[in-house]
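Student: Could you take me through a close look at the aromatic part of this structure? I would like one connected account, with the cut-offs spelled out as you go.

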Amino acid sequence: MSEFKNLTLDVAEQIAVLAISRPAALNALNSETLDELNVALTEIEARDDVKVLILTGGPDKKGNEFKSFVAGADISEMVNFTAPQARAFGIKASEPFFKLMNMRQVTIAAVNGFALGGGCEISMACDIRIASENAIFGQPETGLGIIPGFGGTQRLARLVGMGRAKEMIFTCDNVDAAEAYRIGLVNKVVAKEELMPTAKAMAAKIISKGSYAISVAKAAINNGYDMDIKNAVEMEANLFGVVNDTNDKKEGMGAFLEKRAANLTDF
């Protein structure tokens, strides 16, 4: 793996924990960090020893692990952007964000504090979001005279509905973890000390299933979401055919009929 200035990576038991680590900036996303994320995710996707990726935020400069997931995009870099530079910054972010969305591994955001602006947006690019009880989500961009530029106007509406997305973006009001769960922005809320154990337990459960089948199911969900239902179901049928010609299908159904645990190894 490459060496990173603003990220840390730990891999164990087929789970990669990738932490965004800019302690002095509360893990805010600058161009360098986005470039590093793009490289790291490309390398992780190529690894057969990683089946689930957990994305989280590193501790602040005082060592507080639950201060910030990602506090936003780096305003100190953005303040003098021209229109072309701002557009290029948004496009730069879209590359690793789409990797999180589309990579064959399942991606889980373990949100451990502030998830504002780009932090909320990067969490929404993941497949699943687990929040610590002190997590705070928000899109404060219009209060700065701009709009979300890392997919916030699009992914937020798809997750929580157009009305709630408009309210959050127009008012810049933050929502706490409980409200984020209520509106469907996160899958689960847990006590701070249970955040990583819960994320790793979910990752282990996912790994115990058919990893190749899960990667195909992920692609089916992502690609079919904006299709009309007829074409989406036809796409699903085609992919259903693909997974019926795998070792995992033979092993999984054989184990079911023989009343034993399946050993699913395809990826």
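Tutor: Phe-81, Phe-89, Phe-97 and Phe-150 form one aromatic cluster. The model is predicted, so local features need pLDDT of at least 70 and side-chain atom pairs count only at pLDDT 80 or more, while totals for chains, interfaces and linings use all residues. Residues are numbered from 1 along each chain as its sequence is written, and side-chain values use heavy atoms, with hydrogens and water left out.

A pair of aromatic rings is described by the distance of the centres and the angle of the planes. Rings of Phe, Tyr and Trp (its six-membered ring) pair if their centres lie within 6.5 Å; planes under 30 degrees apart count as stacked, over 60 as edge-to-face and the rest as tilted. By this rule there are three aromatic pairs. In one of them, Phe-81 and Phe-89, the ring centres are 5.2 Å apart and the planes meet at 65°, so the pair is edge-to-face. Phe-89 also pairs with Phe-150, again edge-to-face, at 5.3 Å centre to centre and 65° between the planes. This second pair links distant parts of the chain, 61 residues apart: Phe-89 sits in helix H3 (residues 83-102) and Phe-150 in the loop between S8 and H5. Helices here (H or I, at least four residues) and strands (E, at least two) are DSSP runs, numbered from the N terminus.

How covered are these rings? Phe-89 has 4% relative accessibility, so Phe-89 counts as buried. Phe-150 is buried too, because its relative accessible area is 8%. Phe-81, by contrast, has 25% and therefore counts as partly exposed.

Ile-146 lies in the loop between strand S8 (136-138) and helix H5 (152-160), and at 34% relative accessibility Ile-146 counts as partly exposed. Together, Ile-75, Val-79, Leu-144 and Ile-146 make a nonpolar surface patch of about 370 Å². Accessible areas come from the Shrake-Rupley method with a 1.4 Å probe, and for residues only the protein chains shown count as cover.

Technical notes
Patches are made of residues with over 30% relative accessible area and no salt bridge: like charges are joined within 9 Å, nonpolar side chains (Val, Leu, Ile, Met, Phe, Trp, Tyr) within 5 Å. A salt bridge is a side-chain nitrogen of Lys or Arg within 4 Å of a carboxyl oxygen of Asp or Glu. Buried means under 20% relative accessible area, exposed over 50%, partly exposed in between (1.4 Å probe, protein chains only).
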